[in-house]
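Dear colleague,

Please find below the structure for your review. A summary of the findings follows.

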Amino acid sequence: MADQIIQCPFCQGQLSISEELIGREVQCPLCQQILMQTADYPRSCP
């Protein structure tokens with residue numbers, strides 16, 4: 001599967017996220033914040 005390039009909403013860093021991670025929580029390697037990767041846009045988790 002292809003990777004998606006997304007922007008972290010916390011640090012604005014660009015991340016390469018595997019399509020396999022859609023719907024899962026991922027951690028930004030730059031700022032360590034937890035994100036929820038969705039099919040349309042990443043959002044922060046409460």
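Accessible areas, as quoted in this message, come from the Shrake-Rupley method with a 1.4 Å probe. On that basis, the chain exposes about 3,200 Å², and carbon and sulfur atoms supply 48% of this area. Please bear in mind that this is a predicted model.

Overall organisation

The chain contains five strands and zero helices. Of the 46 residues in the chain, 28% are buried. Among contacts with a separation of 6 or more, 14% are between residues 24 or more positions apart.

Strand S1 covers residues 3–7 and strand S2 covers residues 14–18. The two run antiparallel and are joined by five bridges. Within this pairing, Ile-5 stands opposite Ser-16 of S2, while Gln-7 has Gln-14 of S2 as its bridge partner. Together S1 and S2 form a hairpin, with six residues between the two strands. In the turn, Gln-12 has a positive phi of about 70°.

The nonpolar core

Which residues make up the largest nonpolar core? There are seven in all: Ile-6, Cys-8, Leu-15, Ile-17, Val-26, Cys-28 and Leu-35. In soluble globular proteins, nonpolar side chains tend to be buried together.

One member of this core, Ile-17, may be of interest for its contacts. With neighbours within four places in sequence left aside, Ile-17 is in contact with Asp-3, Gln-4, Ile-6, Val-26 and Gln-37.

Met-36

Met-36 lies in strand S4, which comprises residues 34–36. Is Met-36 buried or exposed? Its relative accessibility is 17%, so Met-36 counts as buried, the cut-off for that class being under 20%. Although Met-36 and Glu-25 are eleven residues apart along the chain, their C-alpha atoms are separated by 4.4 Å.

I would be grateful for your comments once you have examined the model.

Yours sincerely

Technical notes. Residues are numbered from 1 along each chain as its sequence is written. This is a predicted model: local features need pLDDT of at least 70, side-chain atom pairs count only at pLDDT 80 or more; totals for chains, interfaces and linings use all residues. Side-chain values use heavy atoms; hydrogens and water are left out. Helices (H or I, at least four residues) and strands (E, at least two) are DSSP runs, numbered from the N terminus. Buried means under 20% relative accessible area, exposed over 50%, partly exposed in between (1.4 Å probe, protein chains only). Contact means heavy atoms within 4.5 Å. Two strands pair if DSSP finds at least two bridges between them. A nonpolar core is a set of buried Ala, Val, Leu, Ile, Met, Phe, Trp, Tyr and Cys residues joined through side-chain atoms within 4.5 Å.
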